[in-house]
Amino acid sequence: MVTVWVPALLRDLTGGQDLVHLQAETVRQVVEQLDSRYPGIAARLLAEGRLRPGLAVVVNGEVVRQGLRHRLAPGSEVHFLPALSGG
């Protein structure tokens with residue numbers, strides 16, 4: 001089981017729910033299961049089957065570079081956050 005923290009901008013699709021528990025082995029499976037439960041989430045997280053530009057995936061407090069392919073361990077916490085840039 002993994003824990004997904006739903007960003008405020010997506011909570012209109014989850015009925016205000018900010019936390020979701022799922023059985024998933026990859027970030028892609030997280031997105032697929034979220035979209036199955038809450039239609040429309042994938043359209044906001046993905047563009048052409050990839051994470052939208054400017055969006056970062058944080059697993060257990062660390063930004064992951066593998067994106068949708070990142071493998072999750074049981075108990076992982078997943079966040080979708082706007083990527084920070086600048087200098």
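I started at alanine 8, which sits in the loop between S1 and S2. Strands here are DSSP runs of E with at least two residues, helices are runs of H or I with at least four residues, and both are numbered from the N terminus. Alanine 8 comes out as exposed, with 58% relative accessible area. For the cut-offs I used under 20% relative accessible area as buried, over 50% as exposed and anything in between as partly exposed, with a 1.4 Å probe and protein chains only. I also checked alanine 8 against leucine 45, 37 residues away along the chain: their C-alpha atoms are 13 Å apart.

A note on what I am looking at. This is a predicted model, where local features need pLDDT of at least 70, side-chain atom pairs count only at pLDDT 80 or more, and totals for chains, interfaces and linings use all residues. Residues are numbered from 1 along each chain as its sequence is written, and side-chain values use heavy atoms, with hydrogens and water left out.

Next, the overall layout. I get 2 helices and 7 strands for the protein chain. Going from the N terminus, the order reads β-β-α-α-β-β-β-β-β.

Then the strand pairing, where two strands pair if DSSP finds at least two bridges between them. S1 (residues 2–5) runs antiparallel to S2, and 4 bridges join them. Within that pair, valine 2 faces leucine 22 of S2, and threonine 3 has histidine 21 as its bridge partner in S2. What does S1 do with S7 (residues 77–82)? They pair in the parallel sense, over 3 bridges. Threonine 3 turns up here as well, with glutamate 77 as its bridge partner in S7.

Val20 and Leu22 make up the covered face, while Leu19 and His21 are on the uncovered one.

Backbone angles came next. Glutamate 48 is not a glycine, yet its phi is positive, about 55 degrees. I find glutamate 48 in the loop between S3 (46–47) and S4 (50–51), and its relative accessible area of 83% makes it exposed. Asparagine 60 also has a positive phi without being a glycine, near 55 degrees. Its loop is the one between S5 (55–59) and S6 (62–63). Is asparagine 60 buried, exposed or partly exposed? Partly exposed, at 48% relative accessibility.

Last, the whole-chain numbers. The radius of gyration is 12 Å, which agrees with the value near 12 Å for a compact globule of 87 residues; I took it over C-alpha atoms, and the globule rule is 2.2 Å times the number of residues to the power 0.38. Along the principal axes, the C-alpha atoms fill a box of roughly 35 × 25 × 25 Å. Of the 87 residues, 37% count as buried. For contacts (heavy atoms within 4.5 Å), I took pairs at least 6 apart in sequence, and 46% of these join residues at least 24 apart.

On charge, I have 9 positive and 8 negative side chains, with the centres of the two sets 5 Å apart. Lys and Arg count as positive and Asp and Glu as negative, leaving out His and the chain ends; each charge is placed at NZ of Lys, CZ of Arg, CG of Asp or CD of Glu.
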